[in-house]
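Notebook open, model loaded. I want to go through the pairing, the packing and the charged contacts, and jot down what turns up.

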Amino acid sequence: SDVMGDHPYTLEVSSPGVSRPLTLPRHWSRATGRLVRAILHDGGDVTGRVVSADDDSAVLDVDGASRVLAYADVRKAKVQVEFRKTDDTDLDDFEEED
């Protein structure tokens, strides 16, 4: 099909919100349950799942341990894209009948 014409083009596909940085407390609240990576002002970085967020900090689950992350310590942060492996329970819906 030549719907796009004869000129080359680039198609980019993304998940909503993934490319937006977490800069405000409401962004962190919205990311509850999501995996995030934060680059800190001291040069370190933290990757964990957002458990909760308030006006000053977020609580992350980092490898099973809770870590309070003050927004003032964060240089930049983004939600991480996750691809999960399909487990056996997901395959039950696709089993063939005898």
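I started at leucine 60, whose bridge partner in E4 is arginine 67. This is a predicted model, so I took local features only at pLDDT of at least 70 and side-chain atom pairs only at pLDDT 80 or more, while totals for chains, interfaces and linings use all residues. Residues are numbered from 1 along each chain as its sequence is written, and side-chain values use heavy atoms, with hydrogens and water left out.

I checked how E3 and E4 run: they pair in the antiparallel sense, over six bridges. Strand labels here are DSSP runs of at least two residues, helix labels (H or I) are runs of at least four, and both are numbered from the N terminus. I call two strands paired if DSSP finds at least two bridges between them.

On to E2 and E3, which are also antiparallel, with four bridges. There I found valine 50 opposite leucine 60 in E3.

Then I listed what leucine 60 touches, counting contact as heavy atoms within 4.5 Å. Leaving aside neighbours within four places in sequence, the list for leucine 60 includes Trp28, Val36, Val46, Ala65 and Leu69. Both bridge partners, Val50 and Arg67, are in that list too.

E3 and E4 form a hairpin with two residues between them. Aspartate 63 lies in that loop between E3 and E4 (65-70). I looked up its phi: aspartate 63 has a positive value of about 55° although it is not a glycine. I made a note of that because most residues other than glycine have a negative phi. Is aspartate 63 buried or exposed? Aspartate 63 is exposed, at a relative accessible area of 81%. My cut-offs are under 20% relative accessible area for buried, over 50% for exposed and partly exposed in between (1.4 Å probe, protein chains only).

Beyond its neighbours within four places in sequence, serine 57 is in contact with Val68, Leu69, Ala70 and Tyr71.

**Entry: the whole sheet**

I traced the order next: five strands form an open sheet, E4-E3-E2-E1-E5, with antiparallel pairing. E4 and E5 are the edge strands, each pairing on one side only. From one strand to the next the twist averages 40°, with axes taken as lines fitted to C-alpha atoms (for helices, over the stretch in contact) and angles running from 0 to 180 degrees between N-to-C directions.

E1 pairs with E2 over five bridges, and leucine 35 has arginine 49 as its bridge partner in E2. The E1-E2 hairpin has four residues between the strands, and glycine 43 there takes a positive phi near 100°. E1 and E5 pair over five bridges, with leucine 40 opposite valine 74 in E5.

**Entry: core and aromatics**

How many aromatic pairs does a search of the whole structure find? It finds one: tryptophan 28 and tyrosine 71, tilted, at 5.6 Å centre to centre and 35° between the planes. Rings of Phe, Tyr and Trp (its six-membered ring) pair if their centres lie within 6.5 Å; planes under 30 degrees apart count as stacked, over 60 as edge-to-face and the rest as tilted. The pair links helix H1 (25-30) to the loop between E4 and E5, 43 residues apart. Tryptophan 28 is buried at 2%, and tyrosine 71 is buried at 16%.

**Entry: salt bridges**

I found two salt bridges, each defined as a side-chain nitrogen of Lys or Arg within 4 Å of a carboxyl oxygen of Asp or Glu. Aspartate 45 pairs with arginine 37, the closest N and O atoms being 3.6 Å apart. Aspartate 45 is partly exposed at 43%, as is arginine 37 at 36%.

Arginine 49 and glutamate 82 have their closest N and O atoms 2.8 Å apart. Arginine 49 is in E2 and glutamate 82 in the loop between E5 and helix H2 (88-91), so the pair ties together parts 33 residues apart in sequence. Arginine 49 is partly exposed at 32%, and glutamate 82 is partly exposed at 42%.
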